[in-house]
Amino acid sequence: MKLLVVGGGGREHAIIKKLKENPQVETIYALPGNGGIAADAVCVPETGAKDLEKIVDFAKSHAIDFAVVAPDDPLALGCVDRLHEAGIPCFGPDAKAARIEASKVFSKNLMKKYGIPTARYEVFSDPARALAYLREAAAFPIVVKADGLALGKGVLIPQNLAEAEAAVKSIMEDKAFGDSGNEIVIEEFLTGPEASVLAFTDGRSIVPMVSSMDHKRAGDGDTGPNTGGMGTVAPNPCYTPEVAAECMEKIFLPTLAAMRAEGCPFKGCLYFGLMLTPSGPKVIEYNCRFGDPETQVVLPLLKTDLLTVMQAVENETLGSLDVEWHGGAAACVILASGGYPGSYEKGREITIPQDLPATVYHAGDQLLEDGTLVTSGGRVLGVTSVSGTLEAALRDAYAAAERIHFGGKYFRHDIGQWALRALEG
């Protein structure tokens with residue numbers, strides 16, 4: 001089989017490595033891919049993830065048997081719709097279903113309409129009205145979200161009125177996230193442990209993957225600005241079987257039913273960002289695709305062949321498939337460029353030893369003509385280890401992270417520590 005994976009980050013590398021395990025897979029094309037992915041797939045760097053016309057033309061001209069659209073932007077733009085129109089079987093939601101992530105207003109209104117637990121919220125398209133609400137009715141801390149896609153950075157958590165006013169001005173007036181900030185959601189700040197649950201779904205059946213715990217802040221101790229994710233562990237010790245059962249009954253199945261009722265059934269990977277509050281689990285956000293870096297710890301624990309699962313989703317036969325998982329735990333430490341999520345230097349040479357006790361997923365790097373691997377993004381590498389215990393997985397991931405070098409490298413030193421404390425009780 002010839003496969004096509006749209007995207008070029010660590011998440012896509014993890015998907016590609018897992019798809020390669022299927023003996024029927026002959027070639028995987030990555031559009032655009034990156035320097036490290038080139039070792040596992042044929043990269044097409046001249047075709048960006050949002051170049052829908054080029055992606056469809058490539059799929060047709062190369063007789064692609066199955067495609068995977070991984071990032072949020074092409075999903076929201078209708079890449080799956082276009083591939084299906086061209087007769088290419090594809091994993092991922094269509095544009096109507098992708099609104100569950102592409103519009104925070106859509107997703108919050110969906111949850112309100114169908115009684116799915118989430119934070120109380122208000123929607124604003126006028127900055128003056130948003131500011132008036134903050135001054136008259138808000139309790140702090142509070143959450144301010146840009147409506148549209150913003151590379152995972154469109155969520156701000158002001159601690160007081162001055163910070164909240166600055167957040168509204170930044171998003172709605174200064175357009176820090178472009179047109180994604182034309183509308184905003186202001187919602188109550190929830191407390192409790194967070195959990196990320198990715199799930200395979202064909203629109204009716206749903207198979208949750210192993211739970212995970214992300215670490216969004218740039219610095220140790222959850223300090224510094226929000227990032228796309230600085231590391232993650234799986235499974236999440238707070239996501240107990242009892243919590244999982246409650247989520248299935250009150251959140252997962254009702255979300256699928258709500259999407260069907262709205263005429264936009266969801267097929268693909270649906271990501272549930274959850275807060276396990278004192279009054280029960282609530283949805284912080286939905287994503288219409290695999291999370292990054294959650295994918296880098298969840299997929300290594302998948303025992304069933306990934307391509308088989310994805311084909312079952314496309315063919316709407318997921319309910320008849322027994323999806324199995326390995327035991328143990330996985331940990332991923334992100335190696336980032338100094339300055340991320342702000343400005344950072346690119347083009348720093350990367351050296352990766354061959355005998356690491358971990359798998360390296362490439363996110364933000366490129367291969368020069370002379371074969372040198374250099375940095376090209378904020379999050380450069382994801383270093384993932386799988387072991388019998390979380391403690392061992394973290395030990396190996398950090399041992400590998402220390403031995404990888406590039407100028408300006410930085411990473412958090414406390415990934416998984418909260419989870420270890422939770423396991424100790």
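In this predicted model, I100 touches F106, S107, L110, T255, M259, F266, L270, Y286 and C288, leaving aside residues up to four places away in sequence. I100 also belongs to the largest nonpolar core, which has 76 residues. The residues with the most contacts inside that core are L4, L83, I100, F252, F272, L274 and L335. A second, separate core has 39 residues, including L19, V25, C269 and M310.

**Helix α5**

I100 is one of the buried residues of helix α5 (residues 95-102), together with A97, A98 and E101. Why do these residues share a side of α5? They cover an arc of only 120° around the axis, and this places them on the same side of the helix. An α-helix has 3.6 residues a turn, so residues three or four places apart point the same way.

Strand β17 contains I284. This residue touches K145, E187, E194, G273, L274 and M275, not counting residues up to four places away in sequence. I284 and P23 are 261 residues apart in sequence, and their C-alpha atoms are 39 Å apart in space.

**A parallel sheet and its helices**

Strands of a sheet pair through backbone hydrogen bonds, either parallel or antiparallel. Here 5 strands form an open sheet in the order β3-β2-β1-β4-β5, and the pairing is parallel. Which strands lie at the edges? They are β3 (42-43) and β5, each of which pairs on one side only. Strand β3 is joined to β2 by 2 bridges, and the two strands run parallel. In β3, C43 is the bridge partner of A30.

Helix α2 lies across β1 (2-7) and β2, and it runs at about 170° to β1. Helix α11 (residues 306-315) lies across β1, β4 (66-69) and β5, running at about 90° to β4.

**Aromatic pairs**

A pair of aromatic rings is described by the distance of the centres and the angle of the planes. A search of the whole structure finds 8 aromatic pairs. The table gives two of them.

| Pair | Distance of centres | Angle of planes | Arrangement |
|---|---|---|---|
| Y29 and F58 | 5.1 Å | 75° | edge-to-face |
| F91 and F200 | 6.4 Å | 70° | edge-to-face |

Planes over 60 degrees apart count as edge-to-face, and the angle of 75° therefore places Y29 and F58 in that class. Y29 lies in strand β2 (residues 27-32) and F58 in helix α2 (residues 52-61), so the pair ties together parts that are 29 residues apart in sequence. Are these two residues buried or exposed? Buried means under 20% relative accessible area. Y29 has a relative accessibility of 12% and therefore counts as buried. F58 is likewise buried, with a relative accessible area of 12%.

The rings of F91 and F200 are also edge-to-face, because their planes stand at 70°. F91 lies in strand β5 (residues 90-91) and F200 in strand β10 (residues 194-201), so this pair ties together parts that are 109 residues apart in sequence. F91 counts as buried at 3% relative accessibility, and F200 counts as buried at 0%. Ring pairs link F91, F200 and F290 into a cluster.

Note on methods
Residues are numbered from 1 along each chain as its sequence is written. This is a predicted model: local features need pLDDT of at least 70, side-chain atom pairs count only at pLDDT 80 or more; totals for chains, interfaces and linings use all residues. Side-chain values use heavy atoms; hydrogens and water are left out. Rings of Phe, Tyr and Trp (its six-membered ring) pair if their centres lie within 6.5 Å; planes under 30 degrees apart count as stacked, over 60 as edge-to-face and the rest as tilted. Helices (H or I, at least four residues) and strands (E, at least two) are DSSP runs, numbered from the N terminus. Buried means under 20% relative accessible area, exposed over 50%, partly exposed in between (1.4 Å probe, protein chains only). Two strands pair if DSSP finds at least two bridges between them. Contact means heavy atoms within 4.5 Å. Axes are lines fitted to C-alpha atoms, for helices over the stretch in contact, and angles run from 0 to 180 degrees between N-to-C directions. A nonpolar core is a set of buried Ala, Val, Leu, Ile, Met, Phe, Trp, Tyr and Cys residues joined through side-chain atoms within 4.5 Å. The arc is that of the directions from the helix axis to the C-beta atoms.
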